[in-house]
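Hi,

Here is the structure I said I would pass on.

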Amino acid sequence: GSPIPVGIDVQVESIDSISEVDMDFTMTLYLRHYWKDERLSFRSNKNKSMTFDGRLIKKIWVPDVFFVHSKRSFIHDTTVENIMLRVYPDGNVLFSLRITVSAMCFMDFSRFPLDTQNCSLELESYAYNEDDLMLYWKHGNKSLSTDEHISLSQFFIEEFSASSGLAFYSSTGWYNRLFINFALRRHIFFFVLQSYFPAMLMVMLSWVSFWIDRRAVPARVSLGITTVLTMSTIMTGVSASMPQVSYIKAVDVYLWISFLFVFLSVIEYAAVNYLTTIEERKQLKKRGKASGMYSMDAVQAMAFDGCYHDTDEEMDLSPFPEPCEENETRASQTNISNADTPRLKRKRSLKGNVGRIILQNNHVIDTYSRVIFPSIYIVFNFFYWGLYI
């Protein structure tokens, strides 16, 4: 005869988890089937219906609905199997199950973490095609209901909807298929705190080197290397929690551009240091040699002995100067008054003129970098957030 109509309605109890790595979701729901089997009809003036548990299921015909693309599923069995069969006098049957199912969700991470994922749970008869069984939503769009308290840690649930269609298999024919569709929009605040904000701070921290004296090589190099390594750690942490996709994600764009800014700040100082060295060598050649000793100013003196000399007088240093600590120890052992020592004079002069000295000893590249780097980074952020939001 004609195909048996089987109505379906679903009540979603919870969405237990969403896994980006496995590209699946886990959902607990009440699945209810409605059909009519005249063989089960009975006469009764008192009972409006009769309710049975799962023991009767094996003795009657029930629809063989399964979940397409499911990975794992089970019927809850605490304290007994969560199965109900209700038969009405006219032969109408209600068959209800409480099921937890994990199914695939084909996700697109090109806009991650500013993405919206559309997932669906699909129901279909396994054995009976459209000539034998017709699946349909019992109450149309109202056949799908959800718990008002459903919430997820990383997503907003934007909508639930029910739809239907047909699926074709070359060996067995056409089958009715029902869809439970839902859209998930990701919370952005978590990723702002864990990825975007630290990346912004690292980029801004790398700009601090533009205000440090160009002759302070250890300070500027260590700052640049630290920010580069920190950016690498942030990028590794984000990638570890994501599937290994072959396309670029939105967060990758932001982190790689931020890494590029940090890297360029290190390259900027390399250029400054190189040009400074070339300039000092030219000055050294012009001054020549005096009595077999190099005549050096404060810049070259610092490069050799690691101490800062703020006087403009030329200083005669041996080709192999002793460390600053030994010089200070030797000076402290002399009988000369502390107020008259040249080193204390330099220290006092340095304390009052630190700002002036730094400004006078800045390279022109540092001056331009203070404006160009922040300006380009602000423009990049403006276009990035405007494009993805």
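First off, bear in mind that this is a predicted model. H69 is partly exposed, because its relative accessible area is 37%. This residue sits in the loop between strand 4 (65–68) and strand 5, and its phi is positive, about 65 degrees, although H69 is not a glycine. M23 also has a positive phi, near 55 degrees. You'll find M23 in the loop that runs between strand 1 (4–19) and strand 2 (24–36); with a relative accessible area of 23%, M23 counts as partly exposed.

On the peptide bonds, then: F112 and P113 are joined by a cis bond with omega about 0 degrees, and P113 belongs to the loop between strand 7 (92–104) and strand 8 (116–125). The bond from T78 to T79 is cis as well, with omega near 0 degrees. T79 is in the loop between strand 5 (70–75) and strand 6 (83–87).

Now the helices. Helix 2 (residues 217–240) and helix 3 (residues 250–287) have axes that come within 10 Å and cross at roughly 165 degrees. The cut-off is over 145 degrees, so helix 2 is roughly antiparallel to helix 3. Their crossing is left-handed.

Last, the surface: V364, Y368, V371, I372 and I376 make a nonpolar patch of about 490 Å². Of these, Y368 lies in helix 8 (residues 364–388) and counts as exposed because its relative accessibility is 54%.

Cheers

Notes
Residues are numbered from 1 along each chain as its sequence is written. This is a predicted model: local features need pLDDT of at least 70, side-chain atom pairs count only at pLDDT 80 or more; totals for chains, interfaces and linings use all residues. Side-chain values use heavy atoms; hydrogens and water are left out. Patches are made of residues with over 30% relative accessible area and no salt bridge: like charges are joined within 9 Å, nonpolar side chains (Val, Leu, Ile, Met, Phe, Trp, Tyr) within 5 Å. Accessible areas come from the Shrake-Rupley method with a 1.4 Å probe; for residues, only the protein chains shown count as cover. A salt bridge is a side-chain nitrogen of Lys or Arg within 4 Å of a carboxyl oxygen of Asp or Glu. Helices (H or I, at least four residues) and strands (E, at least two) are DSSP runs, numbered from the N terminus. Buried means under 20% relative accessible area, exposed over 50%, partly exposed in between (1.4 Å probe, protein chains only). Axes are lines fitted to C-alpha atoms, for helices over the stretch in contact, and angles run from 0 to 180 degrees between N-to-C directions. Angles under 35 degrees count as roughly parallel, over 145 as roughly antiparallel, 65 to 115 as roughly perpendicular and the rest as oblique. A crossing is left-handed if the near helix is turned anticlockwise from the far one by less than a right angle, and right-handed if clockwise.
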